[in-house]
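Hello,

Here is the structure we talked about passing on. My notes on it follow below.

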Amino acid sequence: MVIKTAQEYRLELARRVKAKRLVKNITQVELAKKSGVNVNTIRHLESTGDSSIDTLPRVLQSLQALDDFDHVLKQDDRIDIINVKPAKLRKRARNKENKKP
């Protein structure tokens, strides 16, 4: 399956999270307790794929699938933020009406 849009990606994520939970034979309530999130959060995640950056790793860890998530950002793709040079600040242009002759 080729995922083309962010919405398609979220729906695929929702399907996969639900499938993992069902394979492990646990309920949404049990997953919520193990993850430390509200059961409505699990329901929302499984139906829409929407999740906070905090919730998704918690749920994946509870499903013992956090290693799968690690493949999203391969080590080669990560940026070494210590060695990143800041971009030059742009100077603001003068307003043409206030320009000195």
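Phe69 touches Leu56 and Leu60, leaving aside residues up to four places away in sequence; contact here means heavy atoms within 4.5 Å. Between Phe69 and Leu56, which are 13 residues apart along the chain, the C-alpha atoms are separated by 9.2 Å. Phe69 sits in helix α5, residues 66-70. Helices (H or I, at least four residues) and strands (E, at least two) are DSSP runs, numbered from the N terminus. Phe69 counts as partly exposed because its relative accessibility is 30%. The classes are buried for under 20% relative accessible area, exposed for over 50%, and partly exposed in between, with a 1.4 Å probe and protein chains only.

Before the rest, the basis of these notes: this is a predicted model, in which local features need pLDDT of at least 70 and side-chain atom pairs count only at pLDDT 80 or more, while totals for chains, interfaces and linings use all residues. Residues are numbered from 1 along each chain as its sequence is written, and side-chain values use heavy atoms, with hydrogens and water left out.

Overall fold. The chain has five helices and zero strands, so the order of elements from the N terminus on reads α-α-α-α-α. Of the 101 residues in the chain, 21% are buried. Among contacts with a separation of 6 or more, 51% are between residues 24 or more positions apart.

Arg21. This residue lies in helix α1, residues 6-23. Is Arg21 buried or exposed? Arg21 has a relative accessible area of 7% and is therefore buried. Its contacts, again without residues up to four places away in sequence, are Ile26, Thr27, Gln28, Leu31, Glu46 and Leu63.

Helices α2 and α3. Two packed helices are described by the angle between their axes and the distance between the axes. For α2 (residues 28-35) and α3 (residues 39-48), the axes come within 8 Å and cross at roughly 115°. The axes are lines fitted to C-alpha atoms, for helices over the stretch in contact, and the angles run from 0 to 180 degrees between N-to-C directions. The two helices are therefore roughly perpendicular to each other; the scale is under 35 degrees for roughly parallel, over 145 for roughly antiparallel, 65 to 115 for roughly perpendicular, and oblique for the rest. On the α2 side, Gln28, Val29, Leu31 and Ala32 meet Val39, Ile42, Arg43 and Glu46 of α3. By class, that contact has five nonpolar, one polar and two charged residues. Here Ala, Val, Leu, Ile, Met, Phe, Trp, Tyr, Cys and Pro count as nonpolar, Asp, Glu, Lys and Arg as charged, and the others, Gly among them, as polar.

Salt bridges. Searching the whole structure gives five salt bridges, each being a side-chain nitrogen of Lys or Arg within 4 Å of a carboxyl oxygen of Asp or Glu. Glu12, Arg15 and Arg16 are linked in a network of them. The closest N and O atoms are 2.6 Å apart for Glu12 with Arg15 and 2.8 Å apart for Arg16 with Glu12. Both pairs lie in helix α1: Glu12 and Arg15 are three residues apart, Arg16 and Glu12 four, about one turn of the helix in each case. Glu12 is buried, with a relative accessible area of 7%. Another of the salt bridges joins the side chains of Arg58 and Asp54 at 3.6 Å, N to O. Arg58 is partly exposed at 35% relative accessibility, and Asp54 is partly exposed at 45%.

Regards
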